[in-house]
Amino acid sequence: MAEYTLEVTTGSMLQAGTFDNLYVTLIGTERQSERTQLTSFGLDEKTGKVSCKTVIIAICIYLIFIHPWAVIHTATKAFEDLHPRLVDQRKKELVKQKLMYKWDKYAEGLSYILNIDDPKAIPVEISFSFSRAFDAINKNNFALSRSAELELKGLKDSTEHFESFEAMKVVSWFKKAPVSEYVSEHWEDDDFFGYQILNGATPFMIKRCSKLPSNFPVTEEMVKPFLANGVSLTEEMKKGNIFINDYKIMDGLPTRVIDGKPVALTAALCLLYLNPEKKLLPITIQLGQQPSEETPIFLPSDLKSDWLLAKIYVRNADTLYNQVISHLQNTHLLAEVFTMATLRNLPMIHPLHKLLIPHHRYTLHINILARARLYGPGRLFGNTSLGADGVTELMKRGLSEMTYTSLCLPENIAARGLESIPDFYYRDDALRLWSITNSFVKAMVAYYYPSDSEVSADSELQEWINEIFYYGFLGNSDSGIPSSFQTVAELIKFVTMVIFTSSVQHAAVGSAQFDFLGWTPNAPLLLFQAPPTTKGQSSMEAILATLPNKSFVGVVMSNVWQLSRKYSDFVPLGTYPEQRFEEPAALQMIEDFQAELSSLSVAINKRNSELELPYTYLNPKEIENSVTI
């Protein structure tokens, strides 16, 4: 007989603990122990509270069974379980999870979501911690004070337009964000326009252009003044110096109706030139997909207000794409699919559950709140140029065009021809993070799946990826998303993408929101006037009348400020406060992952110290482990 002392400790967060009575049974090779109570009522009274119990059992423990949870020292896959008690526990856990977390169709043509729409009905297992909820209350109170400030300054309910750009800077917290202030000073500059196409909130639209689209009739004569002396557009395309942003996905979308008239939205085309000074500059803009006399091609040599207005319409399309596709659909909703599939198909003892669950923290809770508060009729997204119907339609188009290649960054960058464009800090940092994450995942997955046969034999894993394929990508085989795994390499790639999407990619689009969207002229979500159909008729007064009114500016600024802030329980990428793995090899892999991230953080800080405008969004210390805001 052997005697063991078991120690149970509550977590470090506020109100950590449980009201449940926990019991333990140790199962050995010869017999099992008596069921022993581990906790008593009140374990949740304070953080870091320790409870110890002595348990006697036959020698050679291989299973610790804590009611109602099962925990063993090593993570196991279903076919590795030999003890009937644990096999039964796995099955019961997944039955319970599938009853608790049910798929629901949000709209035809969109990914499925969790079937809970009331924030008050969120299960405690996936809800914010007490400290996060308390922090959110404080931030809401702060937001209310900002709302009062907006009201005092006449911004809250005013339908008037600003009389000048300077008048837009009346909000006091605006100047407390250095990047936003920089944006307000440089947003009219062509080189900054090009900079933020690479390093702003939407670095996903730009592609190298080797041949002009047939619906973009740019001529050599048009662009000759904006190219280096003696070179032609054709030559520069061959050299790889011409790039394009094509917003054709926006063409024909239903838009919001104001005073009986649909709001204008332009599916713009913008051609950019990487000049000999290595600056990326816009050289032509067409505000629509169908060229005609009423859809002129705007040039930098046009009337200043004409060119600025054309850039504003491009930024309008870019910002809507950022919010609806890059941010909402490609990070929040994808992360929800990944989270649901994990909770429903991988029991807590599964190695991939242990690996992925920290990257699913709070995701379901924040998405339920987003659906309740941000998108839908009468909510923020429903009040943009698109309106609620336009948002839904754009999401459908985005999902139908989404591919596995687009979600895997190295392939994405190569497909867009962006391997060598200079000063592309998003690419540089994101590729390094993909590589570091991939190395970590490769080590972990190879440890638990030493052969391809173990991957194909894991029934829980196959159910996991099948649900992602069906409920996340609607069974679209053209997307390239796998519906099953046959090899270790396939699994490593997919898990890398899941972690990268839920952490790095979300940080790239989410953290930059206030910096680039806070200054409304740079990133308007709503424009009140139709795009110009002729040149030479615009003015700065006309631009101000086109931009959002005071009320909308105040609402957007307040919302993007809240959506860009950190909470006190922020967990950086690679940090795992709850130790789920027991194996020394796995713990060492986590330490190695953290060391690589730390080294990258040092390198990014060094680079940023030499930049006029630092790119900080993908510093590992600034990336949250999961989609939480």
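At 0% relative accessibility, Met-340 counts as buried (under 20% relative accessible area, with a 1.4 Å probe and protein chains only). This is a predicted model, in which local features need pLDDT of at least 70 and side-chain atom pairs count only at pLDDT 80 or more, while totals for chains, interfaces and linings use all residues. Residues are numbered from 1 along each chain as its sequence is written, and side-chain values use heavy atoms, without hydrogens and water.

Met-340 is found in helix H7, helices here being DSSP runs of H or I with at least four residues, numbered from the N terminus. Leaving aside neighbours within four places in sequence, Met-340 is in contact (heavy atoms within 4.5 Å) with Tyr-101, Lys-102, Trp-103, Ile-113, Leu-114 and Leu-364. The C-alpha atoms of Met-340 and Gln-97 lie 9.5 Å apart, although 243 residues separate the two along the chain.

H7 also packs against H10, at an angle of about 60° and with the axes 10 Å apart.

| Helix | Residues |
|---|---|
| H7 | residues 304–345 |
| H10 | residues 387–401 |
| H16 | residues 488–510 |

Of the 23 residues in H16, 20 are buried.

Definitions and conventions:
Helix = DSSP H or I, 4+ residues; strand = E, 2+ residues; numbered from the N terminus. Expected span 1.5 Å × (residues − 1). Buried < 20%, exposed > 50% of the residue type's maximum accessible area, 1.4 Å probe, protein only. Axes fitted to C-alpha atoms, helices over the stretch in contact; angles between N-to-C directions.
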